[in-house]
Amino acid sequence: MKLVWSPEIASKAYIDTVKSCELFKHSGVAELIAAMAGGWNAKMIVETWSHGGVVTTSVGLAIAARHTCGRHVCIVPDERSKLEYTKAMRDAGVTSAEVIVGGAEDAAAALQEVDFLVVDCRRRDFGKVLRFAKMGQRGAVLVCKNVNQRSVSGFRWHGVLDRGTRVVRSVYLPVGKGLDIAYIGSTGGVVSSRKGPSRWIKHFDEKSGEEHLIRG
């Protein structure tokens, strides 16, 4: 099996996130990520968050998880971040994710069958989360946000992922403060040589006035 795109769920997650994030100034990225998580029908959605961050992406992921009937987990480094995160999510009017407190390596390694993962590049340990997260057999979508503020230089997907991980395709999008997105191939089964119809997400960045088309 592999991740299968659902345009209906993508649309619902996108629209609901737009409505929920109207009061936030940092919208745009959240709607796009929510549409992707919903569209790929992610059942295990994981994100990282820490003190001082905004929760717009978290709101979008919570909405996507609701539409896919999936599990939404947030990894935070300490109790302070946990309290701040849960309060911010409650204030936003959405159900908070299941919060795991701990180091990136131990927390990520404890999670199984991850099929949608969002990490914040401003955290020094974002690479460890990518390396130790256990991807699902259906494949996975990995998203690095705030790429332009990355704490390390010379980033390469193959340099941070576990050896043997198959990156089918990756793309950088100049949305928000930069997004790096990678699609990880499914494991096992027979790989078909036939290509299905292209799937596209259309995203309009109100800040830059640019329209981005992303092929799934």
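1. Glu47 stands opposite Val118 in β4, and three bridges join strand β1 (residues 44-48) to strand β4 (residues 116-120), the two running parallel. Strands here are DSSP runs of E with at least two residues, and helices are runs of H or I with at least four, numbered from the N terminus; two strands pair if DSSP finds at least two bridges between them.

2. This is a predicted model, in which local features need pLDDT of at least 70 and side-chain atom pairs count only at pLDDT 80 or more, while totals for chains, interfaces and linings use all residues. Residues are numbered from 1 along each chain as its sequence is written, and side-chain values use heavy atoms, with hydrogens and water left out.

3. The seven strands form an open sheet with mixed pairing, in the order β3-β2-β1-β4-β5-β7-β6. Because β3 (98-101) and β6 (167-173) stand at the edges with a single partner strand each, one side of each has no neighbour in the sheet.

4. Arg138, in the loop between α6 (126-132) and β5 (140-145), counts as buried because its relative accessibility is 19%, the cut-off being under 20% relative accessible area with a 1.4 Å probe and protein chains only. The side chain of Arg138 reaches the backbone oxygen of Asn41 at 3.4 Å.

5. Ile184 belongs to strand β7 (residues 179-184) and, at 4% relative accessibility, is likewise classed as buried. Leaving aside residues up to four places away in sequence, Ile184 touches several residues, among them Gly139, Leu142, Leu161 and Val168, where contact means heavy atoms within 4.5 Å. Ile184 and Gln137 are 47 residues apart in sequence, with a C-alpha to C-alpha distance of 9.8 Å.

Methods. Buried means under 20% relative accessible area, exposed over 50%, partly exposed in between (1.4 Å probe, protein chains only). A polar contact is a pair of N or O atoms within 3.5 Å; within protein, one must be able to donate a hydrogen and the other to accept it, and residues adjacent in sequence count only if both atoms are side-chain atoms.
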